[in-house]
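Below are my notes on the helix packing and the nonpolar core. Please read them alongside the coordinates.

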Amino acid sequence: MADCYTELERAVVILVENFYKYVSKYSLVKNKISKSSFRKMLQKELNHMLTDTGNRKAADKLIENLDANHDGRISFDEYWTLIGGITSPIANLIRQQEQQSSS
């Protein structure tokens, strides 16, 4: 990763790299995260922002909701939907805090 990247650019690179960290190199389906790898990602990477990341049923429900084409795997676009779903409430919280501090 280049040292000249901005903070936002580094954040985007990290998000992309995180996706590919959980894509199996041995899978017949390229560029998708399997259910088991996705569960691992939830537990290791998002356990502070999502509840029940260790709960298999909750993780499977999240996979079902994200899996737009119902192939049982998470594509990059489906992963990005998860990221958007996580960041939206954070943005709202930050906005509320800014409004309260300016009042």
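1. In this predicted model, helix α2 passes α3 in a right-handed crossing. The axes of α2 (residues 35–45) and α3 (residues 56–66) come within 10 Å and cross at roughly 115°. That angle makes α2 roughly perpendicular to α3, since the range counted as roughly perpendicular is 65 to 115 degrees.

2. On the α2 side, this contact is made by Lys35, Phe38, Arg39 and Leu42. The α3 side contributes Arg56, Ala59, Asp60, Leu62, Ile63 and Leu66. Sorted by class, the contact of α2 with α3 has 6 nonpolar and 4 charged residues, with no polar ones.

3. Helix α1 spans residues 7–21, and α4 covers 76–102. Their axes lie 11 Å apart, and the two helices pack at an angle of about 125°. Angles of 65 to 115 degrees count as roughly perpendicular and those over 145 as roughly antiparallel; α1 and α4 are therefore oblique to each other. The crossing of α1 and α4 is right-handed.

4. Which residues make the contact between α1 and α4? From α1 they are Leu15, Val16, Asn18 and Phe19, and from α4 they are Phe76, Tyr79, Trp80 and Ile83. This contact of α1 with α4 divides into 7 nonpolar residues, 1 polar and no charged.

5. On the interior: in soluble globular proteins, nonpolar side chains tend to be buried together. The largest nonpolar core here has 16 residues, and Ile33, Phe38, Met41, Ile74 and Leu82 touch the most other members. Helices α2, α3 and α4 each supply at least two residues of this core. With 4 residues, α4 gives the most to it.

6. Met41 deserves a separate entry. Not counting residues up to four places away in sequence, Met41 touches Asn18, Tyr22, Ile33, Leu46, Tyr79 and Leu82. Among these, Ile33 and Leu82 are, with Met41, listed as core residues that touch the most other members. Asn18 and Tyr79 also take part in the contact of α1 with α4. Phe38, another of those core residues, belongs to the contact of α2 with α3.

7. Is Tyr5 buried, partly exposed or exposed? Tyr5 sits in the segment before α1. Its relative accessible area is 33%, so Tyr5 is partly exposed. Leaving aside neighbours within four places in sequence, Tyr5 is in contact with Arg10 and Val13.

Definitions and conventions: Residues are numbered from 1 along each chain as its sequence is written. This is a predicted model: local features need pLDDT of at least 70, side-chain atom pairs count only at pLDDT 80 or more; totals for chains, interfaces and linings use all residues. Side-chain values use heavy atoms; hydrogens and water are left out. Axes are lines fitted to C-alpha atoms, for helices over the stretch in contact, and angles run from 0 to 180 degrees between N-to-C directions. Angles under 35 degrees count as roughly parallel, over 145 as roughly antiparallel, 65 to 115 as roughly perpendicular and the rest as oblique. A crossing is left-handed if the near helix is turned anticlockwise from the far one by less than a right angle, and right-handed if clockwise. Contact means heavy atoms within 4.5 Å. Ala, Val, Leu, Ile, Met, Phe, Trp, Tyr, Cys and Pro count as nonpolar, Asp, Glu, Lys and Arg as charged, and the others, Gly among them, as polar. A nonpolar core is a set of buried Ala, Val, Leu, Ile, Met, Phe, Trp, Tyr and Cys residues joined through side-chain atoms within 4.5 Å. Buried means under 20% relative accessible area, exposed over 50%, partly exposed in between (1.4 Å probe, protein chains only).
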